[in-house]
Amino acid sequence: MSLSTAMKTAQSSFSNTALQTAVVSKNIANASNTTYARRAAMLATAANGATVVEIQRAQNESLQKQNLLSISQSNAQDTLLAGLQRMKTFFGGDDYELSAATYITKLRDNLETFANKPSERSLAETVVADAVDVANALNSQTKAVQEMRAEADADIAASVTELNRLLAEFKTYNDQVKQGTAAGTDVNDALDQRDRLLTQISAIVGVSSNTRTNNDMVLYTSDGTVLFETNPRTVTFTPTPTYGPTTAGNSVRIDGVAIEPGVGGNTSGSGTIAALLQVRDEVAPAFQKQLDETARGLITMFEDAGMPGLFTWMDGATESNVVPGGLTNGLAGAIIVNPDVITAKGGNPMLIRDGINASQNPDGDASYSTLLNSYLGKFDTNLTFDGTTGLDTSMTILEYSTASIGWVEQLRSAATTASEDKGALWSRTEEALYSVTAVSLDEELSLLLDLEHSQKATAKLVTTVDEMMTALLNAAS
């Protein structure tokens with residue numbers, strides 16, 4: 001090897017080491033940055049030794065796609081579970097002390113006591129108070145269900161706004177990647193930012209991706225709707241500020257195509273929007289129907305002379321004198337205790353014993369209990385319920401109201417198990433992806449030490465060449 005060749009080799013080595021050191025230093029600086037993918041300076045043989053030909057970014061497309069899927073599924077499941085956990089609070093604690101079933105049980109027990117002592121006005125007052133508790137429970141739960149729907153609607157609006165913002169930002173970095181790739185410049189930082197945005201988008205709506213020429217990326221929703229292709233597709237949603245039992249929420253549309261809500265406790269939805277739609281449009285309305293059918297069952301059981309008796313309902317601004325013949329949307333929010341038996345409203349609680357709309361005890365017999373016993377008998381008689389509520393259509397009122405609690409708890413249990421499973425899968429997938437892309441400080445520091453040794457060896461080569469050149473010059477002179 002000539003001295004000039006040795007100098008060129010040393011020069012190449014210094015240049016390569018400087019580039020490699022810069023890459024390693026950047027890796028170390030981003031060791032705690034979860035959106036950063038490790039870089040590596042790739043060497044290739046050249047005339048004067050090796051040279052850095054590319055700064056390669058660590059990635060694994062298959063693991064990334066699986067990670068995006070896991071993020072979408074886990075976020076959807078957690079969102080559904082949060083909604084079901086909130087629904088459980090409608091019942092009170094683990095003993096369901098605020099549930100309609102609890103108050104109905106208390107009403108039945110005190111009605112039985114009153115039937116055994118029908119002359120006791122205080123027992124009649126107790127029955128009326130229990131009936132008021134039942135009506136209030138159904139009213140408050142209806143209000144809580146509709147408030148939950150309104151909050152889900154607001155969360156959907158916020159998610160749509162965020163999704164549109166992320167897609168606009170995604171375009172910025174996707175354009176940088178395309179242009180940089182076409183020009184042959186380093187696009188690794190832009191790729192990091194694009195992947196970061198892709199992760200955030202997948203938490204809101206399930207996505208799959210396809211990479212085209214010059215690293216141009218196209219995004220699709222999990223059901224195949226184009227979400228981004230050169231430009232972001234418009235995601236539209238019109239919020240509904242307040243909800244009632246008959247209110248239908250608006251759909252979320254991507255380029256005119258509606259996002260479908262998830263289905264089941266182990267939700268089929270991907271991303272928070274699908275789960276919020278499921279809570280707003282599927283789970284909450286089904287529970288509302290169950291409340292409405294519970295209210296209808298009570299009005300039917302206590303009907304008197306073909307009209308509402310102990311329980312009636314507000315049909316607009318007035319009390320209804322009609323017993324509902326089928327599922328009546330919002331009935332649970334409108335059910336009230338007949339004012340004719342409420343002392344504070346000028347009523348007489350003893351009418352429960354004697355007949356509210358028509359006297360069943362014309363002689364005023366203090367021991368008359370026939371009507372009370374007939375009411376008690378209806379607690380053990382199957383009623384016919386609407387088949388769209390998700391519960392059996394033939395049950396007693398107590399069985400039905402208890403089954404409604406069981407329906408929520410069954411969904412919640414399935415959602416809890418699925419949340420744990422999907423969360424674990426996301427954790428394992430993310431860990432596998434990070435094992436490929438994340439920075440290992442131990443490896444980087446070891447590599448930095450190797451580069452330092454290389455730098456020292458190159459410096460020693462330069463010193464040796466310098467000494468040899470000096471010796472030659474001295475010999476020539």
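Biologist: Which residues in α2 meet which residues in α6?

Modeller: This is a predicted model, in which local features need pLDDT of at least 70, side-chain atom pairs count only at pLDDT 80 or more, and totals for chains, interfaces and linings use all residues. Residues are numbered from 1 along each chain as its sequence is written, and side-chain values use heavy atoms, with hydrogens and water left out. Contact means heavy atoms within 4.5 Å, and helices (H or I, at least four residues) and strands (E, at least two) are DSSP runs numbered from the N terminus. On the α2 side are Asn-75, Ala-76, Thr-79, Leu-80, Gly-83, Leu-84 and Met-87, and they meet Thr-272, Ala-275, Leu-276, Gln-278, Val-279, Val-283 and Phe-287 in α6.

Biologist: Are α2 and α6 roughly parallel or roughly antiparallel?

Modeller: Axes are lines fitted to C-alpha atoms, for helices over the stretch in contact, and angles run from 0 to 180 degrees between N-to-C directions. Helix α2 (residues 61-89) packs on α6 at about 30 degrees, with the axes 8 Å apart. Angles under 35 degrees count as roughly parallel, over 145 as roughly antiparallel, 65 to 115 as roughly perpendicular and the rest as oblique. The two helices, α2 and α6, are therefore roughly parallel.

Biologist: How do the residues of the contact of α2 with α6 divide?

Modeller: Ala, Val, Leu, Ile, Met, Phe, Trp, Tyr, Cys and Pro count as nonpolar, Asp, Glu, Lys and Arg as charged, and the others, Gly among them, as polar. The contact of α2 with α6 divides into nine nonpolar, five polar and no charged residues.

Biologist: Why is α4 described as roughly antiparallel to α6?

Modeller: The axes of α4 (residues 121-183) and α6 (residues 272-301) come within 9 Å of each other. Helix α4 is roughly antiparallel to α6 because the axes cross at roughly 165 degrees.

Biologist: Which are the edge strands of the open sheet?

Modeller: Three strands form this sheet in the order β7-β8-β9, with antiparallel pairing; two strands pair if DSSP finds at least two bridges between them. Each edge strand pairs on one side only, and the edge strands are β7 (235-236) and β9 (257-258).

Biologist: Is Ser-270 buried or exposed?

Modeller: Ser-270 lies in the loop between β9 and α6, and touches residues including Ser-72, Gln-73 and Ala-76. Buried means under 20% relative accessible area, exposed over 50%, and partly exposed in between (1.4 Å probe, protein chains only). With a relative accessible area of 13%, Ser-270 is buried.

Notes: Lists of a residue's contacts leave out its neighbours within four places in sequence.
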